[in-house]
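Student: I have a structure open on my screen and would like to learn how to read it. Could you walk me through it?

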Amino acid sequence: MTAPLTPSQQPPHDPSWPPPPPPHQGPAGDPITAAEVVQGLVVTAASAAAGAVLGALWVWLAPTVQLISDGKGVYLRNSEGEAAIGADGTFVLLALAFGAVAGLVVFLVRRKGGVPLVLGLAAGGVLGSLLAWWLGTKLGPTSDVVAHAKAVGPEVVFDAPLKLQMGAAAMLAWPLAAMVVHLLLTGVFGPRDPEQDWDAPGH
């Protein structure tokens with residue numbers, strides 16, 4: 001009966017048997033580094049700050065809802081108008097454009113991608129949309145319709161405050177557009193993992 005071989009005494013590798021595959025390496029399996037986390041935070045902050053521009057553009061481009069008072073109540077000047085829907089549509093279209101640009105810029109700056117960047121695009125898009133919503137309502141006509149009607153007097157047309165009828169859904173337009181554009185660009189034009197040549201000599 002012989003003693004078991006120690007690791008240093010193992011017999012040479014049999015060439016008739018293929019070697020075990022090496023562990024997979026690549027961007028998808030790399031650990032998240034502190035630098036990538038910082039980059040994700042920078043993307044979040046930059047996207048959130050861009051929300052101020054979106055809010056200003058929303059106030060400028062959104063159609064206005066006109067109101068009129070008879071001294072006793074406030075009414076829509078045109079009850080069949082679609083300005084309220086147009087304000088929502090304007091916000092969503094602008095948010096989609098901002099999200100697409102954000103995803104493109106992040107990809108051009110950091111082609112390797114990474115989870116922190118995607119999360120930064122998502123969080124920054126939500127924060128930017130919230131800031132745009134808040135800023136748009138502040139820059140637009142006052143939300144105190146009764147006081148506004150009394151200030152302008154009866155039978156005088158004035159603008160209604162800017163509102164989002166589909167607020168929660170509109171908040172998702174920017175982050176969804178940013179993530180979709182970034183992931184598509186990364187999948188099509190991003191770096192590829194080197195392929196292993198299993199038939200090469202010595203492998």
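Student: Let me start with charges. Which side chains meet in a salt bridge?

Tutor: First the general idea: side chains of opposite charge can pair when their charged atoms come close. Here, in what is a predicted model, the partners are Glu36 and Arg110, with 3.7 Å from N to O. Glu36 belongs to helix α1, and Arg110 sits in the loop between α2 (83–109) and α3, so the pair ties together parts that are 74 residues apart in sequence. The count by this rule comes to 1 salt bridge.

Student: Are those two residues buried or exposed?

Tutor: Relative accessible area is what to look at, and under 20% counts as buried. Glu36 has 12%, so it is buried. Arg110, at 25%, counts as partly exposed.

Student: Where is the largest nonpolar core, and which residues have the most contacts inside it?

Tutor: The general idea is that in soluble globular proteins, nonpolar side chains tend to be buried together. In this model the largest nonpolar core has 22 residues, and Leu54, Trp58, Phe91 and Trp174 have the most contacts inside it. At least two residues each come from α1, α2, α3, α5 (167–171) and α6 (173–189). Helix α2 gives the largest share, 8 residues. To follow one member, select Leu54: leaving out residues up to four places away in sequence, Leu54 touches Phe91, Leu94, Ala95, Phe98, Ala132 and Trp174.

Student: I also noticed a glycine. Which residues is Gly40 in contact with, beyond its neighbours in sequence?

Tutor: Setting aside neighbours within four places, Gly40 contacts Pro116, Leu117 and Gly120. Gly40 lies in helix α1 and is buried, with a relative accessible area of 4%.

Student: Where is confidence lowest and where is it highest?

Tutor: For that, color the model by pLDDT. The mean is lowest in strand β2 (residues 74–76), at 62, and highest in α3, at 94. Residues 23–28 have a pLDDT below 50, and beyond near neighbours in sequence this stretch has 6 contacts in the model. Across the chain the average is 78, and 65% of the residues score at least 70.

Student: Which helix should I remember for the core, then?

Tutor: Helix α2, the source of the largest share of core residues. Keep α1 in mind as well, as Glu36 and Gly40 both lie there.

Note on methods
Residues are numbered from 1 along each chain as its sequence is written. This is a predicted model: local features need pLDDT of at least 70, side-chain atom pairs count only at pLDDT 80 or more; totals for chains, interfaces and linings use all residues. Side-chain values use heavy atoms; hydrogens and water are left out. A salt bridge is a side-chain nitrogen of Lys or Arg within 4 Å of a carboxyl oxygen of Asp or Glu. Helices (H or I, at least four residues) and strands (E, at least two) are DSSP runs, numbered from the N terminus. Buried means under 20% relative accessible area, exposed over 50%, partly exposed in between (1.4 Å probe, protein chains only). pLDDT is the predictor's confidence in each residue, from 0 to 100. Contact means heavy atoms within 4.5 Å. A nonpolar core is a set of buried Ala, Val, Leu, Ile, Met, Phe, Trp, Tyr and Cys residues joined through side-chain atoms within 4.5 Å.
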